[in-house]
Amino acid sequence: QVQLVESGGGSVQAGGSLRLSCAASGAIRSTDCMGWFRQAPGKEREGVAHADAYGGTKYADSVKGRFTISRDNAKNRVYLQMNSLRPEDTAMYYCATDRVCVRLFTGRPGYWGQGTQVTVSS
């Protein structure tokens, strides 16, 4: 099994920044795909960003130019730098991973973290 633990969430005013961190342990492999999802009240779960182990990244249109996903494979960690935050970014953010990014593309990663809350006020 893979264990994922998110941290770094909190409350921030619009225009501010937060950096989320996800620590992976267990059967995680350095070549696994890792990413972030979020779910806001009344909304379906949404893929935010994901990164393969080779430098490839994908972002939801709603966060392009504002969020940056990065990885430290040696430390089994993935990060989400969130800048220019907007109230509509308010959601529970979840770290996720699977062996291949196709599983994240389709919203069915094999492993999820417990989530960290991000709240953005006007």
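The accessible surface of the protein chain amounts to about 6300 Å², and 45% of that area belongs to carbon and sulfur atoms; accessible areas here follow the Shrake-Rupley method with a 1.4 Å probe, and for residues only the protein chains shown count as cover. The model is a predicted one, in which local features need pLDDT of at least 70 and side-chain atom pairs count only at pLDDT 80 or more, while totals for chains, interfaces and linings use all residues. Residues are numbered from 1 along each chain as its sequence is written, and side-chain values use heavy atoms, with hydrogens and water left out.

Turning to overall dimensions, the C-alpha atoms of the protein chain fill a box of roughly 40 × 25 × 25 Å along the principal axes. Of the 122 residues, 41% count as buried, where buried means under 20% relative accessible area, exposed over 50%, and partly exposed in between (1.4 Å probe, protein chains only). Among contacts (heavy atoms within 4.5 Å) between residues at least 6 apart in sequence, 57% join residues at least 24 apart.

As for secondary structure, the protein chain has 1 helix and 11 strands, both taken as DSSP runs numbered from the N terminus (helices H or I, at least four residues; strands E, at least two). Read from the N terminus, the elements run β-β-β-β-β-β-β-β-β-α-β-β.

S1 and S3 run antiparallel and are joined by 6 bridges, with serine 7 opposite serine 21 in S3. S3 and S8 are also paired in the antiparallel sense, over 6 bridges, and here leucine 18 stands opposite methionine 82 in S8. S7 pairs with strand S8 (residues 77-82) in the antiparallel sense over 6 bridges, and arginine 71 has valine 78 in S8 as its bridge partner.

The whole structure holds 2 disulfides, each a pair of cysteine sulfur atoms within 2.5 Å. Cysteine 22 and cysteine 95 form a disulfide with sulfur atoms 2.1 Å apart. Cysteine 22 lies in strand S3 (residues 18-26) and cysteine 95 in strand S9 (residues 91-98), so the link ties together parts that are 73 residues apart in sequence. This link is left-handed, with -80° about the S-S bond, and both cysteine 22 and cysteine 95 are buried.

In the disulfide of cysteine 33 and cysteine 101, the sulfur atoms are 1.9 Å apart. Cysteine 33 belongs to strand S4 (residues 33-39) and cysteine 101 to the loop between S9 and helix H1 (102-105), 68 residues apart. With 90° about the S-S bond, this link is right-handed. Cysteine 33 is buried because its relative accessible area is 1%, and cysteine 101 counts as buried at 13%. With bonded cysteines counted along the chain, the disulfides follow the pattern 1-3, 2-4.

Definitions and conventions
Pairing = 2+ DSSP bridges.
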